Amino acid sequence: MARDLFNRYLWLVDTIRRYGRISRAELDECWRRSPFSQGEALPRRTFYNYRQAVEELFNVEIKCDSKTYEYYIDDSDTHNEGMTDWLLNTAAVNDVLSNSREIADRIFIEDVPSARHHLAPAIDAIKECHPMRFDYLPYYRTRPTLGVVIEPYFLKIFRQRWYVTGRNVEENRVKTYALDRISSLNILPEAFEPDPSFDAEEYVRYLFGIVSSKGEPRRIALRTDSRQAKYFRALPLHHTQEEAVHDAYSIFYYKMKITDDLVSELLSYGARIEVLEPPELRARLLSDLTEALKHYM
């Protein structure tokens, strides 16, 4: 029964999002065609209860336009919209997979190990403004740094790994840590006062990945063939992406900081892309490609 209710909540949000704006009559008609209705309209009280549950579960408010009496979801906050989409997609996938255990040996997924152990306490620490103390062992070291204390600001997932970013108390600077490289995590009882000058949205706005840079965002131009262009259209490299279409190729423009994560990503495309600008990014890729080529000569 609980799973059936959850599916109904997902159906309600997905239907309103797809229509943009929908009247009660139109919603009733969609409901009648759904697998949940048994041909009946959606009762008013049930609709009210579902609206409340959706807001509590997904932080999605279903609003009503008092002039047109149409229902809609306010997507004015683009970050919240992306977060809501991620939650809904994750919930939908989890529900589908939980009903497909008989073919589990034929479904292959990517693991996110850090989510199992440290994601929940990290979220609690951010919500309650409590420092985190942990030992940290990055891949480039043989021994962990013991007793790291940070005031956590935000979480980000990148390539199936969760990262927490916050102020390292001892060093008094903002740093990022991979949750799967953390051990002996403790949430400290005292509360901290968040830095009012720190803007998480601004911090990540021009980053690709999780590695930050003190440099200014740069205009980046990538030339791709028509085939690679289709992939970038379907899954943009960055939210600042713009495209200029030509006969046999496209040029994609971005505003991003030049970071190690970005360079690694661009190198992964090989001959399918060419960096046109800025010159320093083009030179960086040329240097890395030249060094890699030495291994094959």
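In this predicted model, a polar atom of the Ser37 side chain sits 3.0 Å from the backbone nitrogen of Gly39. Ser37 itself belongs to the loop that runs between helix 2 (24-33) and helix 3 (44-58). Is this serine buried or exposed? With a relative accessible area of 7%, Ser37 counts as buried, because the cut-off for that label is under 20%. Setting aside the neighbours within four places in sequence, the residues in contact with Ser37 are Trp31 and Arg32.

Stepping back to the whole chain, the protein is built from 10 helices and 12 strands. Of its 297 residues, 36% are buried. As for how the chain packs against itself, take the contacts between residues at least 6 apart in sequence: 56% of these link residues at least 24 apart.

Next come the open spaces. The second largest pocket holds about 1,100 Å³ of space. Strand 5 (145-158), strand 6 (161-168), strand 7 (173-178) and helix 7 (200-204) are the elements that put two or more residues into the lining of this pocket. Which of them gives the most? That is strand 7, with six residues. In total, 35 residues line the second largest pocket, and the ones nearest its centre are Arg173, Val174, Lys175, Thr176 and Tyr177. Sorted by class, the lining of the pocket comes out as 17 nonpolar, 12 charged and six polar residues.

The lining residues of the largest cavity are Phe154, Lys156, Tyr163, Thr165, Thr176, Tyr203, Val204, Leu207, Gly209 and Ile210. By class, they split into six nonpolar, three polar and one charged. Thr176 turns up in both places: this threonine lines the largest cavity and is also one of the residues nearest the centre of the second largest pocket.

Methods
Residues are numbered from 1 along each chain as its sequence is written. This is a predicted model: local features need pLDDT of at least 70, side-chain atom pairs count only at pLDDT 80 or more; totals for chains, interfaces and linings use all residues. Side-chain values use heavy atoms; hydrogens and water are left out. Helices (H or I, at least four residues) and strands (E, at least two) are DSSP runs, numbered from the N terminus. Buried means under 20% relative accessible area, exposed over 50%, partly exposed in between (1.4 Å probe, protein chains only). Contact means heavy atoms within 4.5 Å. A polar contact is a pair of N or O atoms within 3.5 Å; within protein, one must be able to donate a hydrogen and the other to accept it, and residues adjacent in sequence count only if both atoms are side-chain atoms. On a 1 Å grid over the protein atoms alone, a cavity is a set of points where a 1.4 Å probe fits but cannot get out, and a pocket is an open set with protein on both sides within 12 Å along at least five of seven lines; lining residues have an atom within 4 Å of a point. Grid points are joined across faces, edges and corners, and a volume is the space filled by probe spheres set on the points. Ala, Val, Leu, Ile, Met, Phe, Trp, Tyr, Cys and Pro count as nonpolar, Asp, Glu, Lys and Arg as charged, and the others, Gly among them, as polar.
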